[in-house]
Amino acid sequence: SKFKVGPVQNIQPDTFIYEPEYRVFVVRDGNGAFYAISAICTHLGCNVKWVDSSNTNDSSVAIACPCHGSKFNRKGEVIEGPAPKGLQRFHVELSGDKLIVDTSDIVSEDEMFLKV
């Protein structure tokens, strides 16, 4: 349930990495903080996709389910259903120059950001 991502200096602000083996997005926000959210839709377990905001009329949409149309913001919060709840957020910590994501440790929005 744990995996490494990095080195952190190679991950630019306002970008994300998709880890397909774990179905997780690892995100670095515009302030340089890191967080990890599930890429599994809470509706029926489909793989969600990161959305290029230049291709949508709603800039708040960052993640979408291509199967059933659920939409989520960059933090994984539901914008539009049928998903009943937001995407899971996982604990992230720093080990040397790499991030460690623990998918067995689900955290709240208050706990999800790692400032480096």
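**Burial and basis of the model**

Of the 116 residues in the chain, 39% are buried, where buried means under 20% relative accessible area, exposed over 50% and partly exposed in between, with a 1.4 Å probe and protein chains only.

This is a predicted model, in which local features need pLDDT of at least 70, side-chain atom pairs count only at pLDDT 80 or more, and totals for chains, interfaces and linings use all residues. Residues are numbered from 1 along each chain as its sequence is written, and side-chain values use heavy atoms, with hydrogens and water left out.

**Fold and dimensions**

The chain has 10 strands and 0 helices. Helices (H or I, at least four residues) and strands (E, at least two) are DSSP runs, numbered from the N terminus. With a radius of gyration of 14 Å, close to the 13 Å that the globule rule gives for 116 residues, the chain is as compact as a globular protein of that length. That radius is taken over C-alpha atoms, and the rule is 2.2 Å times the number of residues to the power 0.38.

The C-alpha trace spans about 40 × 30 × 25 Å along its principal axes. Among contacts (heavy atoms within 4.5 Å) with a separation of 6 or more, 40% come from residues 24 or more positions apart.

**The loop residue Gly86**

Gly86 sits in the loop between β8 (78-80) and β9 (89-95). Its relative accessibility is 28%, so Gly86 counts as partly exposed.

Leaving aside residues up to four places away in sequence, Gly86 touches Thr42, Phe72, Gly76, Glu77 and Val78. Thr42 is 44 residues from Gly86 along the chain, and their C-alpha atoms are separated by 6.9 Å.
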